[in-house]
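Subject: Model for you to look at

Hi there,

Here is the model I promised to pass on. Please open it alongside this message.

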Amino acid sequence: MATRVMLDPITRIEGHLSIRTEVENNHVVEAYCSGEMFRGFETILRGRDPLDAQQITQRICGVCPVPHGLASILAQDQAYGITLTKNGRLLRNLISGANFVQDHILHFYHLSAVDFVDVAAVAKYNGNDNSLNELKAWVNSQLNSNILFPAAPFLPRYSGNYIENDELNFIALKHYLEAMEVRKAGTQMVALFAGKIPHPAGLIPGGVSEKVTADKIAAYSARLKKLRTFVDTAYLPDVIEVAKVYPEYFDIGKGCGNFLAYGIYPESETDTERFLPGGVLLDNELHALNAAQITEDTRFSRFSSPSGLNPNVGQSAADPGKQDAYTWLKAPRYDGHVVEVGPLARMMVGYHYEQPQIKNIIDDTLTKTGLQPRHLVSALGRHLARALETKIIVDRCAEWLEQLVPEKPAFVDFEIPQNSHGIGLWEAPRGALGHWLNIKDYKISNYQCVVPTTWNCSPRDDQGKPGPVEQALVGTRIEDEQNPIEAARVVRSFDPCLACAVH
Ligand code: NFE
Ligand code: MG
């Protein structure tokens with residue numbers, strides 16, 4: 001007989017995710033992902049000035065406003081017939097690059113690593129590192145106090161097999177603290193070229209409103225150096241050291257095995273080639289992306305809108321009491337296929353595309369670690385892919401920075417046509433992000449977002465096929481049903497953001 005094991009709410013993700021699993025003989029046999037909130041951004045956008053779109057859609061999320069802003073202005077560029085200037089393209093790449101790097105560091109250290117690293121070990125620390133001694137004093141003072149949740153966000157936590165090597169725990173915790181400073185530098189880099197963070201005002205159709213000056217380049221460069229050092233000396237080595245303790249997680253959390261990426265970082269003003277390429281990988285075969293093949297099913301979603309619509313004609317009519325519906329996410333599908341999006345998808349697509357930086361770093365990592373390519377498609381494979389992607393992007397940012405031309409414009413003027421449409425296919429840190437814009441009589445007549453976590457945490461589709469996270473959980477061994485830490489590790493490997501997913 002199956003037992004119901006709930007992960008509700010799942011902490012250390014963004015937004016409200018509830019997962020119901022059915023467990024038999026200590027193994028997950030079924031999983032259901034529920035997004036617990038309706039937000040209605042697509043409804044709010046209807047009838048507004050198209051120039052409101054990049055500002056309003058950024059409010060979908062406090063973690064990833066930057067990619068929403070970029071997807072929105074990309075859709076508008078297309079609708080207005082804009083070709084960017086070189087500076088405009090490069091600034092957008094640099095803004096997004098800094099955002100990706102700090103976001104991936106956030107995910108590993110502050111959201112996921114404490115599923116593995118034993119924070120409580122800091123009580124045993126006897127060295128003379130100031131930051132670790134401060135953390136130790138804080139944790140001890142919390143544990144000896146009467147407050148309800150002492151030492152949050154570290155405790156309470158599921159009990160489980162945390163890292164027992166205290167040296168490794170201490171190093172990871174020290175980097176946990178350092179990562180906050182490094183992320184600060186990353187967000188400053190976004191603000192330098194996008195105006196502010198969160199919800200930058202400088203992301204506009206036609207380019208970016210900030211000017212390229214030698215001072216700004218120098219300020220960005222100094223912070224980039226900090227990020228590159230941290231990625232090389234902390235993030236990448238830590239992911240590999242943690243992975244060595246948990247080799248079984250290279251066989252856990254596989255998922256659907258199909259991948260989709262729109263690609264990101266145009267390498268020319270015509271956007272004919274992107275540094276991280278787009279494509280769809282179905283049964284290990286790479287296909288060119290065709291946006292017409294994207295649909296959203298609604299059979300199990302709390303929407304009365306018709307099922308199977310392409311987002312260009314998508315609808316989002318809320319139906320809170322709908323029979324059999326168990327989530328506020330639709331179920332996006334590519335030509336009917338369940339596909340995973342995110343860093344692993346970008347690395348898998350890029351590897352098959354033989355993008356040189358991706359191919360080299362993956363081959364090199366497989367050789368050094370003794371892993372097989374199949375191991376990448378797993379819970380730990382997602383962490384590794386995210387770290388490798390970070391390295392590729394942070395290094396490329398240094399080259400884009402050198403290509404900027406100070407005092408040359410980063411913006412072209414434009415006019416909004418009376419009627420038009422555009423699609424902004426971009427990548428957010430968590431995966432493929434699309435905004436579909438339709439304009440009628442100078443106003444937004446329809447606006448649809450299909451967001452990374454909507455793909456990954458999607459419910460069953462009209463055919464009853466479970467979404468990527470639902471599939472990834474099946475087969476996971478749960479040692480203790482009161483502490484489903486193994487399932488939580490699988491879910492967090494996707495870096496879900498439910499605030500985005502329900503938009
Ligand atoms: Ni709210 Fe987001 C990213 C987007 S995820 S974090 O990355 O778009 O669905
Ligand atoms: Mg949507």
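First, the ground rules. This is a predicted model, in which local features need pLDDT of at least 70 and side-chain atom pairs count only at pLDDT 80 or more, while totals for chains, interfaces and linings use all residues. Residues are numbered from 1 along each chain as its sequence is written, chains are lettered from A and ligands numbered from 1 in the order in which they are written, and side-chain values use heavy atoms, with hydrogens and water left out.

**Ligand 1**

The nickel atom of ligand 1 takes its protein donors (N, O and S atoms within 2.8 Å of the metal, or 3.2 Å for Na, K and Ca; water is not among the atoms, so sites may look incomplete) from C61 (SG), C497 (SG) and C500 (SG), lying 2.3 Å from it. Along the sequence, these donor residues are spaced C-x435-C-x2-C. C61 sits in the loop between α2 (53–58) and α3 (65–80), and C497 in the loop between α13 (485–493) and α14 (498–502), so this pair links parts of the chain 436 residues apart (helices, H or I, have at least four residues and strands, E, at least two; both are DSSP runs numbered from the N terminus).

What is the arrangement of the four donor atoms around the nickel atom of ligand 1? Their angles are 106 to 115°, which makes it tetrahedral (for four donors, all angles between 85 and 135 degrees). The ideal tetrahedral angle is 109.5 degrees. The iron atom of ligand 1 is 3.2 Å from the nickel atom.

Both C61, at 2% relative accessibility, and C497, at 1%, are buried (under 20% relative accessible area, with a 1.4 Å probe and protein chains only).

There are also polar contacts to ligand 1 (pairs of N or O atoms within 3.5 Å). A polar side-chain atom of R430 lies 2.8 Å from an oxygen atom of the ligand, a polar side-chain atom of H68 lies 3.2 Å from one, and a backbone N or O atom of P429 lies 3.3 Å from one.

**Ligand 2**

The magnesium ion is coordinated by E42 (OE), C449 (O) and H503 (NE2), at 2.1 to 2.2 Å. Their spacing along the chain is E-x406-C-x53-H. E42 lies in helix α1 (residues 41–45) and C449 in strand β15 (residues 443–450), so the pair ties together parts 407 residues apart in sequence. E42 is buried at 7% relative accessibility, and C449 is buried at 0%.

Best wishes

Key
Polar contact = N/O pair within 3.5 Å; in protein donor to acceptor, adjacent residues only side chain to side chain. Tetrahedral: all angles 85-135°; square planar, octahedral: opposite > 155°, others 65-115°. Buried < 20%, exposed > 50% of the residue type's maximum accessible area, 1.4 Å probe, protein only.
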